[in-house]
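User: I would like to go through this model and ask what stands behind each label. Please set the values against the definitions.

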Amino acid sequence: RASLSRTPTPAQSMNFAQSAAKENATKAAEAVAPVRAVELDGGAALKIIKHCTDAAPGLATGALLGLDIGGALDVTACFPFPKASTGGDGEFAYDADGAFAAEDGAQYQLDMMRCLREINVDSNTVGWYQSTYLGTFYNEELIETFLSYAESIKRCVCVAYDPTYAEQGVCALRALKLSEAFMEVYGEKGEFSIKKIHERGLKWSDIVVEVPITIRNSALASAVMGELARGKAAELNTTDYDRLSLSTAPFVEENMKLLGECMEDFANEQQKVAYFQRNMQRYQSQHAHWLQKRRQENARRRANGEDELPEEDDNYKAPTPPSRLENFLITNQVAEHVQDLDAFTTKTMAKLELVTAISGSK
């Protein structure tokens, strides 16, 4: 009786190799694919909201933990960073209600992640969260933090929460990331020159992009909330009445104040560019005059059979152009304030029309 051979045929081996290569290529592509969505666990969202609200009007930050799955980041847990304080000796220390007071921030994070790992909580860092005030998060510190995370994490996000917007009855959680185009331009050498911007066709809106964020709950949590809401009629509470408030002065005034400060910063950046252009014109004029004299000197030396002098002089260096990053960030911040004012005043006008119609019908 002929025995069954278990050796794969060349065709089968080729198909297996092709499948393995395709699977490895798919995994590699997924590893570097940009983040398309963020799924935030309901418990983690409540922790972020509570930490940022309790720290207001100060700023609060913390770590995001979860899983990197395909094109989405699944944020399942988080923990706050301790507040930074200055000790009596003037050194920078971390203190979180007496816990880990003698340790620095990095060691604190490692200890927290080790403790979470011991209780089977996801301990993979996928980014960080921070509080903000009226959307003022477009700054170089945000860019530097993203680049710092990118050294060890290929894909990360920043979840920003604004307690001031939450008081207006809107969802104040936003997921942010750096665009791939900006990372290619700025990530390698930290340069953001006009030449690179034109080569890549980069726009001011292509620096920080918003990622769709979804808050999800486990099946058990959804069942518990459904059980608590069963048999209870919908009742109006204080929050529902607060949404009908027609007082817009504090919110609009503060946004206009921040918008004015942004315009002042923008004008300062424009002055830097104008100063650079004047220096460049002065340099070009002086260099052209020097180059003409050097060429005349070389012509005379050639006629006398002498060696020519180089037509480059280290003393004439072109002025360094200012970085356009700050200008782009200010433009993003101006657009943020304008969009917020437009959305808020639109809702306010709808409330005024509603109140006018109700008062007119009486």
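**The sheet and its surroundings**

Analyst: Eight strands form an open sheet: it has 8 strands in the order E9-E8-E7-E6-E2-E3-E1-E10, with mixed pairing. E9 and strand E10 (213-216) are at the edges; each has a single partner strand, so one side of each is left without a neighbour in the sheet. Ignoring direction, neighbouring strands are turned by 35° against each other on average. This is a predicted model, where local features need pLDDT of at least 70, side-chain atom pairs count only at pLDDT 80 or more, and totals for chains, interfaces and linings use all residues. Residues are numbered from 1 along each chain as its sequence is written, and side-chain values use heavy atoms, with hydrogens and water left out.

User: What makes strand E2 and strand E6 a pair?

Analyst: Pairing requires at least two bridges found by DSSP. Strand E2 (residues 61-69) and strand E6 (residues 125-131) have 5 bridges, in the antiparallel sense. They therefore count as paired. Thr-61 has Gln-130 in E6 as its bridge partner.

User: Which strands does helix H4 lie across?

Analyst: Helix H4 (residues 140-150) lies across E6, E7, E8 and E9. Its direction runs at about 165° to E6. Axes are lines fitted to C-alpha atoms, for helices over the stretch in contact, and angles between N-to-C directions run from 0 to 180 degrees.

User: Why is Val-209 called partly exposed?

Analyst: Buried means under 20% relative accessible area, exposed means over 50%, and partly exposed is in between (1.4 Å probe, protein chains only). Val-209 has 24%, so partly exposed is the label. Val-209 lies in strand E9 (residues 208-211). Not counting residues up to four places away in sequence, Val-209 touches Ala-175, Leu-176, Lys-177 and Ser-179 (contact: heavy atoms within 4.5 Å).

User: Why does Arg-301 count as buried?

Analyst: Arg-301 has 18% relative accessibility, under the 20% limit, so Arg-301 is buried. Arg-301 belongs to helix H10 (residues 249-303). Across the chain, 30% of the 362 residues count as buried.

User: How do you know that the side chain of Arg-301 makes a polar contact with Asp-307?

Analyst: A polar atom of the Arg-301 side chain lies 2.5 Å from the backbone oxygen of Asp-307. A polar contact is a pair of N or O atoms within 3.5 Å; within protein, one must be able to donate a hydrogen and the other to accept it, and residues adjacent in sequence count only if both atoms are side-chain atoms. The 2.5 Å value is within that limit.

Notes:
Helix = DSSP H or I, 4+ residues; strand = E, 2+ residues; numbered from the N terminus.
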